[in-house]
Amino acid sequence: MRKKIVAGNWKMNNDYQEGMTLFSEVVHMVKAEVNSSTEVIVACPYIHLHSFGQMANGRIRLAAQNCHQAEKGAYTGEISVKMIESVGADFVIIGHSERRQYFNETNELLAQKVAIAIKQGLTPIFCIGETQQERESNRHFEVIREQLREGLFHLVKAEFQQVIIAYEPVWAIGTGLTASPGQAQEMHAFIRGEIAGVYNQEVADATSILYGGSCNPKNAPELFAQPDIDGGLIGGASLKARDFTDIAKVFNDRG
Ligand code: PEP
C-alpha cells in the first residue's frame, strides 16, 4: 500500500508569531482528528522549522520549500540540505512551479537539488506540471515526461524510491481552477506508467503521487478517491487550520 500524504505549502506567508499560532492550531486539530495512517507534512518558511520541530510531537513532519544544490559554501542568502536537516525537517519541496517560473529553475538545476537532497537524507517532494498553454496545445504529456526524465530519472532505483511526486498543473495553482478528477487521474496514471518504464512496476506502484492545484475540503474527497492519487500538496487551503485538517481527514474512512 502506498503512503497517503497531505502536505501543506505555506509559501511566503505568516510572520513568526502568526506562523506559531497557525501551526499550534494545526497540530491540535490533526492530532485529534486525522488517522495516524495519513502522513501530514507542513512545508513552512525556514524561520519556523526549528520551533515547529519542537511543537510537532512527531505527528506532523516538516518540509522546507527549497534548498540549494551545493553542500555548503559562499552562496549568500541560501540554505543547504544539511542546515534544513539540522532543524528537524525530513522533506524538501523541489521544483515548485513558482520556483521554475520566478527563479528560472531549470530541470537540470532541479536534478542537482534532488541528488543532493537524497544523498544527504532529505526526501524530495518533486513538483511537475504543465502550463495552460501547454495543455491547450496538447503537449501536457510530453512536458511532464520531459520534467520527469530531466529532473528525476537520473536517479538509480534505490534513490528514486525516496522520492514523492506532486503533479501540479500550473493553471490550477492559486487560481481556483482545479483539474477534474478525471484529468488528474489520467495524468497520475501516465506518470506511474513512465516510472514503471524506467524502473519497474513495483517501484511505480510504491511511489506516492500527490495532486496539487486549488485543492480544498470540497474537491479533495473526489480527487483523493482516484486510484492513482495518493494525497495532495495544498497551498492556499493550508493556511486555514480547519480547511487543511478537513483535507487531511479525507483518508480517515478509506482504510
Ligand atoms: C501549491 O502551490 O503547491 C498549490 C497547490 O497551491 P494552491 O493549493 O493554492 O493552488
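Between which two elements is the loop that holds C67 found? C67 lies in the loop between β3 and α3 (81-86). Helices (H or I, at least four residues) and strands (E, at least two) are DSSP runs, numbered from the N terminus. The structure is a predicted model, in which local features need pLDDT of at least 70, side-chain atom pairs count only at pLDDT 80 or more, and totals for chains, interfaces and linings use all residues. Residues are numbered from 1 along each chain as its sequence is written, and side-chain values use heavy atoms, with hydrogens and water left out.

C67 counts as buried because its relative accessibility is 0%. Buried means under 20% relative accessible area, exposed over 50%, and partly exposed in between (1.4 Å probe, protein chains only). Neighbours within four places in sequence were set aside. Beyond them, C67 is in contact with Y46, I79, V81, I84, V92, I94 and K113. Contact means heavy atoms within 4.5 Å. E142 is 75 residues from C67 along the chain, and their C-alpha atoms are separated by 27 Å.

Helix α1 covers residues 16-33. Its 18 residues should span 26 Å at 1.5 Å a residue, and its end C-alpha atoms are 26 Å apart, which agrees. The expected span is 1.5 Å times one less than the number of residues. At the start of α1, a side-chain oxygen of D15 comes within 3.2 Å of the backbone nitrogen of Q17. Buried residues of α1 are G19, L22, F23, V26, V27, M29 and V30. They pack against β2 (38-43), α2 (46-55), β3 (60-64) and α12 (241-248).

Helix α9 runs over residues 181-198. Its 18 residues should also span 26 Å, and the end C-alpha atoms of α9 are 26 Å apart, in agreement. Among its buried residues are P181, A184, F190 and I195. Charged R192 and E194 are buried in α9 too.

The ligand is surrounded by 14 residues. The closest are K11, H96, E168, G174 and S214. By class, the shell has four nonpolar, eight polar and two charged residues. A polar side-chain atom of H96 lies 2.7 Å from a ligand oxygen atom. A backbone N or O atom of G174 also lies 2.7 Å from an oxygen atom of the ligand. For G235, a polar backbone atom is 2.9 Å from a ligand oxygen atom. Taken alone, the ligand exposes 290 Å², and the protein buries 96% of that.

Definitions and conventions. Polar contact = N/O pair within 3.5 Å; in protein donor to acceptor, adjacent residues only side chain to side chain. Near = heavy atom within 4 Å. Areas by Shrake-Rupley, 256 points an atom, 1.4 Å probe, with all protein chains shown as cover.
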